[in-house]
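I set out to record how the parts of this protein chain are packed together. My entries follow the structure shown here.

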Amino acid sequence: MEKRNIPISLPSMGQEEWEATKEPIFSGWITQGPKIAQFEKIFAERHKVKHAIAVSNCTTALHLALVALDIKAGDEVIVPAFTWVSTANAIMYCGATPVFIDIDIRTFNIDTKQIAQKITSKTKAIIPVHLFGLCANVDEIKKIAPQLKIVEDGACAAGAGIENRPAGSLGDIGCFSFHPRKSVTTGEGGMLTTNNDVLAERLNMLRNHGASISEEQRHKGPKPYILPEFDMVGYNYRMTDIQGAVGVVQLKKLDQFIDERQQWANYYTNELSKINWLSTPHIPNGYKHGWQSYVLLIDEKKSPIKRNDLMELLQQKGISTRPGTHAVHMLSYYAKTFNIKPSDFPQAFAANEYSMSIPLHNKMVKEDYEYVVHNLKSIK
Ligand SMILES: Cc1ncc(COP(=O)(O)O)c(C=O)c1O
């Protein structure tokens, strides 16, 4: 087969997104304004929640979610050990303590069986991560720990869900990312979701310095010269209207993007499950995967090649891969600060060492998928 170059991910943007940016650019209203309001409205509708609040990225969304829930020094927040570092960092921003829990290696999501034993009188919240677009078992978490606030880290899970219940509607607050590696992107960007009016109001103020009204409300109101009241210490975590305009266009394509990814994920699974040293993604019954990433697990006891050597070999063939994500408890800051050994969370360790994400995105064509499969099958 002729060599191809396949990046791990590519944003699917074009003329429509480009055209959409013109309106805010020429209107004179560039920061959070009418485009963000429109983006929030359609995001809330798609995810079946009362409120969606746009912010600068998912890390700031996670931070604000915890602040809105009054998480502070002395509190403990449960988090899976295998996730992007910012899930744990958001807890650190609040001065609270992340309490790591191992994952279920089949789903890469938090192992709900291990939650009960980690709950103390200080535990206030839990952040189930819907890793790679597959929802964590939030229903089970609610049964085990009804007293805990639930912040869904749905960074990878726009459009995903459990039966007909979308990610972001399952817990108290949902957080999403629009980083370019996500299925829909605004360059950088984030969204908070909630059905709780009081939390929505707090999040709305917290993202805008704690101001009682937004800048748009002030400028377009009868007294633009009167500055708002500030009742709390807030942040500037706003998203721009230029991004909002792009988000509106992208969000309309979300379901089409996921359907396409689902079709090619099925192709990968059909083909790659024939390789005895690879495990393909496991999807529990009734779960709708968002397919932000397609992540394999390599059984190095059976494989003719180690994971990192395989990634190197595929790179030489023009196929870019990545580890699924990292085990946060193995990152030097967390390992040292909390005195954790890699073996304390063996499944997160295994995922860190043996997972491999292969290209799956909406700029890929049939020949790209066939090329990836062909190269993986050729490894002897
Ligand atoms: C699970 C998870 N949480 C949080 C984030 C942070 O998102 P952002 O880059 O929008 O801050 C990411 C980003 O990749 C992620 O994968």
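**Packing of two helices**

I looked up α3 and α6 and found that they pack at an angle of about 125°, with their axes 10 Å apart. Axes are lines fitted to C-alpha atoms, for helices over the stretch in contact, and angles run from 0 to 180 degrees between N-to-C directions. Helices (H or I, at least four residues) and strands (E, at least two) are DSSP runs, numbered from the N terminus. I noted that α3 and α6 are therefore oblique to each other; angles under 35 degrees count as roughly parallel, over 145 as roughly antiparallel, 65 to 115 as roughly perpendicular and the rest as oblique.

The model is predicted: local features need pLDDT of at least 70, side-chain atom pairs count only at pLDDT 80 or more, and totals for chains, interfaces and linings use all residues. Residues are numbered from 1 along each chain as its sequence is written.

I then asked which residues of α3 and α6 meet. L64, V67 and A68 in α3 meet L199, R202, L203 and L206 in α6 (contact: C-beta atoms, placed from the backbone, within 7 Å).

A residue is buried if 20 or more other C-beta atoms lie within 10 Å of its own, exposed if 12 or fewer, and partly exposed in between. Among the buried residues of α6 are A200, N204 and M205. The buried residues of α6 pack against β1 (51-55), α3 (58-68), β10 (173-177) and β11 (190-194).

**Domains**

I found domain 1 (15-253) and domain 2 (255-377) in the domain assignment, whose bounds come from an automatic or database source. Their C-alpha centres lie 26 Å apart.

Technical notes
Two residues are in contact if their C-beta atoms, placed from the backbone, lie within 7 Å.
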